Amino acid sequence: MMISSVQATLFGKASFFRQTSSLRSLTFCLHFSSSTASVSADNLSRKKWRQPVFSALELGGVKVSREDVVKDDPTNNVPDSIFSKLGLQLHRRDQHPLGILKNAIYEYFDTNYSNKFDKFDDICPIVSLKQNFDDVLVPEGHVSRSLNDTYYIDPQTVLRCHTSAHQAELLRGGHTHFLVTGDVYRRDSIDSTHYPIFHQMEGFRVFVPDEWEASGMDATSFAAVDLKKCLEGLARHLFGAVEMRWVDTYFPFTNPSFELEIYFQEKWLEVLGCGVTEQEILNRNGKPNNVAWAFGLGLERLAMVLFDIPDIRLFWSNDERFTSQFSKGQLGVKFKPFSKFPPCFKDISFWINESFTENNLCEVVRGIAGDLVEEVQLIDNFTNKKGMTSHCYRIAYRSMERSLTDDEINDLQWKVREQVESKLNVVIR
């Protein structure tokens, strides 16, 4: 199974239950206080045209005020399809594959580090631009800061792209060993391994001078050796006695930086990214005399392999034929497919403009078809003698739970054509 590393973590090149009093300000309840949810009468009147949307949180999880997320601010690009899943917290469901995997990782750290790591899995995903980018040294102008890649609530507020957005605040709060798990958000392509909402786990450990001085190693080497030992143990805990290899890489927030790959089911699989934390992060957050390591992994990425789940949309399914297959503590139970419904393919061709991006197209399609869209794939691309460029995309519609009717699919496709033309300013061919 090929799973793109785009979604894996903040550490991806191509692509953690205990709550302490010092972190209560980070929880959902206080983030969505009445003051932050207040909306002016003018704003309310401008929203009357919107069709009412009920958050999926009302099915379980933490209820979020829509006015905190979907705003009339010109930079706001959060669609209702994202709001409806915001904070659903699949990773906190003990009988869900993501919750089972999270708990298995917790078990490893509790067993090997005597409950030393503080765990946070309910921190609000609405963060500042500073938390999401500046605090982890993502440079100005980096592609991840663009409206094409990130969901903006307003010019200074985003839906977090990674759980590392909480790293600095936890350090300033006095936490030196922690695991942070949560839902993260990125505008992305549509296929079986990409979804605009997924889940990550961040690990962080700080060392004091006495620890590395006693080892006879320099601080950086000591942290790197400890990091690799920790993560090799975690890989064996999840996958068994597998062959592993370390690959040197580059991340702006760690140095040196590594990726861990395991040989699993006759192929090399990238498991996670990690490294020794850049000293500047520690200096800024009250730890100038320390050294630290950090790692990040994508839960869906690993769960799809461990549970043999073929389509990332299934994680969001409430179909009992999916949910009943998994039980608390049962890591690696192989998913038995129940959907035999065939896909239906529809093509759409148009002349693009300079502002066109594939992510914007996928947002339009997903906004209309939701989880009924399985894939959007570029199948033809040419430029004519006048310098005009045409793209042809093939859209695959398929429900994981039922057969789609011809009328239903045709209706979706006509709506897609209308919205693509009006919202993306392209000319349909």
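1. Because the model is predicted, local features need pLDDT of at least 70 and side-chain atom pairs count only at pLDDT 80 or more, whereas totals for chains, interfaces and linings use all residues. Residues are numbered from 1 along each chain as its sequence is written, and side-chain values use heavy atoms, with hydrogens and water left out.

2. The contact (heavy atoms within 4.5 Å) draws on Leu101, Ala104, Ile105, Glu107, Tyr108 and Phe109 of α5, and on Lys229, Cys230, Gly233, Leu234, His237 and Leu238 of α9. These residues divide into 8 nonpolar, 2 polar and 2 charged, with Gly counted among the polar ones.

3. Helix α11 (residues 299–306) is mostly covered, 8 of its 8 residues being buried (under 20% relative accessible area, with a 1.4 Å probe and protein chains only). Charged residues are included, since Glu300 and Arg301 are among those buried. After α11 comes Asp308, with a positive phi near 55 degrees.

4. Helix α13 (residues 358–369) has 12 residues and reaches 16 Å from its first C-alpha to its last, close to the 16 Å expected at 1.5 Å a residue. Its buried residues are Asn359, Leu361, Cys362, Glu363, Val364, Val365, Arg366 and Ala369, and what covers them includes β11 (344–351), β12 (373–383), β13 (389–397) and α14 (406–424). Gly370, which follows α13, has a positive phi near 60 degrees.

Terms used. Helices (H or I, at least four residues) and strands (E, at least two) are DSSP runs, numbered from the N terminus. Buried means under 20% relative accessible area, exposed over 50%, partly exposed in between (1.4 Å probe, protein chains only). The expected span of a helix is 1.5 Å times one less than its number of residues.
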